[in-house]
Amino acid sequence: MDGNNAVRAFMGSFTSAGGPGVTVAAVDRDTGELTLIGATDAVPDPSYLAASGDGSVLYAVSETAEGAAAAFDVAGEVPRLLGGLRSVEGDGPTHLALAAGHLVTANYGSGSVTVLPTRDDGSLGAAVAVIQHEGSGPDPERQEGPHAHQVRPDPSGRWLLSVDLGTDSVRVEEIDPLTGETRRHGETALRPGTGPRHLAFHPAGGHAYVLNELEPTLTVCRWDAAAGVLEPLHETPVLPQDALGDGEERTYPSEVVVSPDGRFLWTANRGHDSISVLTLDETGGKALLAATVGCGGHWPRDLALGPGGRWLYAANERSGNVARFAVDQETGVPTAAGSVDVPAVSCVIFA
């Protein structure tokens, strides 16, 4: 992307629920306001997005039973598909990330991870590896088998971590940058029944935070990049005790974000419809719940910091809006500052 252009936001949504697909918005650097530019429904249910390092190519999963991924040229106002959809040879991909020159997807339905090569023009080649997870958990409805929910390279770029809600574990793999083939390095077991969903790293690289979906908790872990080992340290709640209710209305945390300076961590909480603020100590090894605020809508599926870390955005799927919050730089507490309508929105990223 031309460095003179304004920063843009890209929002994925469920076309099967009336969403526009991939939506583009201009971002005002001073106010954080989003101004919608255009959208494309070329990919069905593009529920999660990722951008190339230079922001010139956008990647999307197609969260369908057929399971696919796609690449877009985003030089214009409306993203243009680069090549066709590529099968991920898995069911229901929910997340994707760039790692070792390849695009990797987490396939929730089939409990697998797929590796696809990226070509010189940014388009995708056919899948070169599919890693099938195995195992189950104690929740008979949600953990009857593996459900890979997120893939993320570690800060060193050597390791790929995949978070599996169905098996209560995080797997660590190495990817060959030439072939895309993977080698399993290890697997970290988390407390049974917690249902880990997403993971984020501390900017110093020595800690990682696993957000659990089936219980509103955060598992703080030590990350050893040299050894490729993730070690759980302790859990902390992401909601106050009085917010847990009598069990009739469950809360399903969805996303975890860490501030660039490593002082704060935020989670999005579906059901409770809130954003939680946790403070981190100087080492990043301890997290403490400090506050919760409303998410500005219903069912916040994603949470993202804008450029510079001053603005926080919640993609509220069921209310169909992306809410904007000003982040207090001293306390980390977000204050509602505006909203833009995007039906069935599922994620927001910036490039």
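Me: Is E174 buried or exposed?
Reply: In this predicted model, E174 counts as buried, its relative accessibility being 18%, which falls under the 20% cut-off.

Me: Which side chain does E174 meet in a salt bridge?
Reply: The partner of E174 is R158, with an N to O distance of 3.2 Å. R158 sits in the loop between β13 (148-153) and β14 (159-164), while E174 belongs to strand β15 (residues 169-175), so the pair ties together parts that are 16 residues apart in sequence.

Me: And R158, how does that count?
Reply: R158 counts as partly exposed, at 44% relative accessibility.

Me: Switching topic, what does E213 form with R270?
Reply: E213 and R270 form a salt bridge, and their closest N and O atoms are 3.3 Å apart. Since E213 lies in the loop between β18 (207-212) and β19 (217-224) and R270 in strand β22 (residues 264-270), the pair ties together parts that are 57 residues apart in sequence.

Me: Are those two buried or exposed?
Reply: E213 counts as buried at 4% relative accessibility, and R270 counts as buried at 5%.

Me: Which residues are linked with E213 and R270 in a network?
Reply: R142 and R197 are linked with E213 and R270 in a network of salt bridges.

Me: What about R263, which residue does it pair with?
Reply: R263 forms a salt bridge with D261, where the closest N and O atoms are 3.6 Å apart; R263 is partly exposed, with a relative accessible area of 33%, and D261 is partly exposed as well, at 45%.

Me: How many salt bridges does the count come to?
Reply: The count comes to 14 salt bridges.

Definitions and conventions:
Residues are numbered from 1 along each chain as its sequence is written. This is a predicted model: local features need pLDDT of at least 70, side-chain atom pairs count only at pLDDT 80 or more; totals for chains, interfaces and linings use all residues. Side-chain values use heavy atoms; hydrogens and water are left out. A salt bridge is a side-chain nitrogen of Lys or Arg within 4 Å of a carboxyl oxygen of Asp or Glu. Helices (H or I, at least four residues) and strands (E, at least two) are DSSP runs, numbered from the N terminus. Buried means under 20% relative accessible area, exposed over 50%, partly exposed in between (1.4 Å probe, protein chains only).
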